[in-house]
Amino acid sequence: MNDALRIIKPGPYTLLVDRGRRLCQHFGLAAGGAADIHSYEWCNRLLGNPPNTPALEIAAGPFAAEFLFQGHAALCGAEHSAKLNGKPVHNWSSFSVTPGDTLQLGYAQSGVRSYLSVGGVWNVDTLFDSCQRVNDDGSARPIKAGEHIHFSALKQLKLNKMTPWNQIPDDDSALCLPVRPSYQFHRFPEDQRQALIDGHYTISPQSNRMGYRLQGPVVHWPATGIESEGIALGAVQIPPDGQPIVLLNDRQTIGGYPKIGCVEASACSRLTQRRPGQKVSFCWLDTD
């Protein structure tokens, strides 16, 4: 119970995450959860943790924390040039730690979000089966400097592990987002559906865990507004300016803008590792 991780420098936006909340959206509370579920799951898999074990989602960096236990930790996701006591640590791997060891992450050089977990049982409160914290207004509550996050570390010696190379994504490569036609797809004219997939879009600086705003070819919605409806992860919303928004983990639970389709969940994870200024495109999923 005395095992802990002390946060020295939390960076601009570090969250405690897992797979997200369950059965909460009808209360107006977003599901949340790790934005890049692929990196999050590998982080815990390297440690032999159960699938829904918490981890820290570290956005952009810089970040620093002190380990107050003996055991293992793992780091996956964006490339931050991580160092343990001043020595480089392999990303997408687990590593041994002892009390007093300090992990430092610089600014992200590739990708946006890193995931840090420890081998053991985390002693954190849950809400709707999730460790993710919320403020009174329902927004996510970031980790603060000086916080101690407690858990019971696994003491037995384990070999350090690395993620197989073919499971490590390239966050600098071109990204085409597969979209499943859905919602109001059939009410968009054919030339507007084509405009979405013909163009390349630039990720806007106003992108975050709620949604990624894209700038590029305009997609026109020919009708008036629609009746508000529930919003799924990956929904491609077309607001009045015609610039698509891909809605993500912390999205609003309902909305009245038309939606032309839904991006696959695995592609949403890859999108959240792209930075403002990077280009993305869309392609239709075959529904036959």
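In the predicted model, 10 salt bridges are found, a salt bridge being a side-chain nitrogen of Lys or Arg within 4 Å of a carboxyl oxygen of Asp or Glu. One of them joins R22 to D129, with the closest N and O atoms 3.2 Å apart. R22 sits in the loop between β2 and α1, and D129 in the loop between β11 (120-122) and β12 (148-153), so this pair ties together parts that are 107 residues apart in sequence. Helices (H or I, at least four residues) and strands (E, at least two) are DSSP runs, numbered from the N terminus.

Residues are numbered from 1 along each chain as its sequence is written. Local features of this predicted model need pLDDT of at least 70, side-chain atom pairs count only at pLDDT 80 or more, totals for chains, interfaces and linings use all residues, and side-chain values use heavy atoms, with hydrogens and water left out.

The domain assignment gives domain 1 (4-167) and domain 2 (175-284); such bounds come from an automatic or database assignment. Their C-alpha centres lie 29 Å apart. Domain 1 brings 27 residues to the contact and domain 2 brings 14, where contact means heavy atoms within 4.5 Å.

About 1,400 Å² is buried between domain 1 and domain 2, and carbon and sulfur atoms give 38% of this area. Buried area is the accessible area (1.4 Å probe) that two parts lose on being put together, summed over both. Q25, A35 and R113 supply 34% of the area that domain 1 buries against domain 2, more than any other three residues.

Across this interface, 1 salt bridge is found. R209 forms a salt bridge with E57, the closest N and O atoms being 2.8 Å apart. On the side of domain 1 that touches domain 2, at least two residues each come from β2 (13-17), α1 (37-45), β5 (71-79) and β10 (110-118). The largest share, 5 residues, is that of β10. By class, this side has 13 nonpolar, 11 polar and 3 charged residues. Ala, Val, Leu, Ile, Met, Phe, Trp, Tyr, Cys and Pro count as nonpolar, Asp, Glu, Lys and Arg as charged, and the others, Gly among them, as polar.

The whole structure holds 9 aromatic pairs. Rings of Phe, Tyr and Trp (its six-membered ring) pair if their centres lie within 6.5 Å; planes under 30 degrees apart count as stacked, over 60 as edge-to-face and the rest as tilted. F67 and F95 form an edge-to-face pair, 6.4 Å centre to centre with 75° between the planes. F67 lies in strand β4 (residues 63-67) and F95 in strand β8 (residues 93-97), 28 residues apart.
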